[in-house]
Amino acid sequence: MLFIDLAAQQVIIKEKIDANIQAVLSHGKYIMGPEVARLETKLADFCGTQHAVACASGTDALLIALMTYDVGPGDAIFTTPFTFIATAETISLLGATPVFVDIDPNTFNIDPDHLDQAITALINCSSDYPRPASAVRLTPKGIIAVDLYGLPADYDRINAIAAQNNLWIIEDAAQSFGAKYKNRPACSLAHIGCTSFFPAKPLGCYGDGGMCFTDDDALAETMQSIRGHGTSNNKYDNARIGINGRLDTIQAAILDAKLDIFSREIELRSQVALRYTNLMKEQQIYSIQTPRVPDGYLSVWAHYSLLAKDQRHRTSLQVGLKNADIPTAIYYPKPLHLQTAFKSLGYKIGDFPVSEDCAQRIFSLPMYPYLTEPDQQKIVKVIGDM
Ligand SMILES: *Cc1c(COP(=O)(O)O)cnc(C)c1O
């Protein structure tokens, strides 16, 4: 059994993929070919935003968004420690400081109450909430909320807190392209939305890719400029320092083919997730917590993640499943505040207890649109028999 079966999807769209790639080979515009602009238009429509700026990866999307806000040394950017490294790595790469905020144990996303406490503690120089070592010299600038496992964070509350404190928000929607929050699409829920087309993401290409979304004309123009080395209207006078962050034309062509079946795949993902949860109930497996989706949210199920009782329970479940040829994965075994790369921030064990607890108990089952019911029955039976 596979954790994510991309071949099952390829069979369905093979002809269009081949034709789209052939079209790129024929016109030869490998960099910023017409497919890139067409994809930007289609995906901006899909997300209901005014602008979309294609880029080379989800990491570059975050980097471009942060550079657009001129993030640098002395800036505090609030984010979750329970995420992929790229979320906070891009903050540090620009010389700014990630200020971590614990998560909600039900959604695994940044907890708005804690966000409020963390901002207040930083502004008031108080130790009421864990802060990085350099906290007294930092100015709050923005927030990166993450839609973990494909479930959007609570943007109504996060937006209200941001507005009160004059902060901008970036939505890390690397896992949530296609999800919804109160009928609004992921990538449109903050000032800038950033997604990834890494092959294993809900909408993936056959290499690296990403995109930034915004309704703001000025932000979009700056993002386009940064993506291409800081170009301006004057070809010989670059306006700012940028990066080479473009999306390959061939990847745009592949995404165009995948987009045709994407809405259907979102439905299939929902069915697969619902089937897992129902099977777990039928087998009366109460020692494992199944995912919770609050009312008004639509998850795109980048991962179907379960909480075991404790770390030992998780290990035994993973071993049992592996022995039955069923792969599992852990997103994420070590929260960012405890990782070596962020050692200089001075955080310690106990600073973010919910994230630390989830890191010890979380694990994910195989999840992709074409996962069959018999395979799911087998997976849940193996769990139930342990
Ligand atoms: C995958 C991912 C990224 C980075 O995307 P890449 O395309 O791999 O660079 C950023 N944030 C989160 C939450 C992710 O899951």
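Residue numbers start from 1 along each chain as its sequence is written. Because the model is predicted, local features need pLDDT of at least 70 and side-chain atom pairs count only at pLDDT 80 or more, while totals for chains, interfaces and linings use all residues, and side-chain values use heavy atoms, with hydrogens and water left out.

**Stop 1: the ligand**

Select the ligand and the residues around it. The shell holds 16 residues, the closest being Gly 58, Thr 59, Asp 172, Ser 196 and Lys 201; a residue counts as near if one of its heavy atoms lies within 4 Å of the molecule. By class, six of the shell residues are nonpolar, eight are polar and two are charged. Here Ala, Val, Leu, Ile, Met, Phe, Trp, Tyr, Cys and Pro count as nonpolar, Asp, Glu, Lys and Arg as charged, and the others, Gly among them, as polar.

Now show the side chains of Thr 59, Asp 172 and Ser 196. A side-chain N or O atom of Thr 59 is 2.5 Å from an oxygen atom of the ligand. For Asp 172, a side-chain N or O atom is 2.8 Å from a nitrogen atom of the ligand. In Ser 196, a polar side-chain atom is 2.7 Å from a ligand oxygen atom. On its own the ligand has 380 Å² of accessible area, and the protein covers 93% of this (Shrake-Rupley method, 1.4 Å probe).

Next, colour helix H3 (58-68) and helix H4 (86-93), the elements that give two or more residues to the shell. H3 has the largest share, three residues. Helices are DSSP runs of H or I with at least four residues, numbered from the N terminus.

**Stop 2: the largest pocket**

The ligand sits in the largest pocket, in the sense that more than half of its atoms lie within 2 Å of the pocket's grid points. A pocket is an open set of points on a 1 Å grid over the protein atoms alone, where a 1.4 Å probe fits, with protein on both sides within 12 Å along at least five of seven lines; lining residues have an atom within 4 Å of a point. The volume is about 410 Å³, taken as the space filled by probe spheres set on the points.

Select Phe 84, Gln 175, Ser 196, Phe 198 and Lys 201, which lie nearest the centre of this pocket among its 24 lining residues. The lining has 12 nonpolar, nine polar and three charged residues.

**Stop 3: the second largest pocket**

The second largest pocket has a volume of about 170 Å³. Its lining includes Ser 270, Leu 274, Lys 281, Pro 291 and Trp 301. Select helix H9 (residues 262-282), which gives the most to this lining, with six residues.

**Stop 4: two backbone details**

Most residues other than glycine have a negative phi, and most peptide bonds are trans. Select Met 32, in the loop between helix H1 (6-27) and helix H2 (34-47). Met 32 is not a glycine, yet has a positive phi of about 55°.

Finally, go to Tyr 332, in the loop between helix H10 (311-323) and helix H11 (353-361). The peptide bond from Tyr 331 to Tyr 332 is cis, with omega near 10°.

Methods: Polar contact = N/O pair within 3.5 Å; in protein donor to acceptor, adjacent residues only side chain to side chain.
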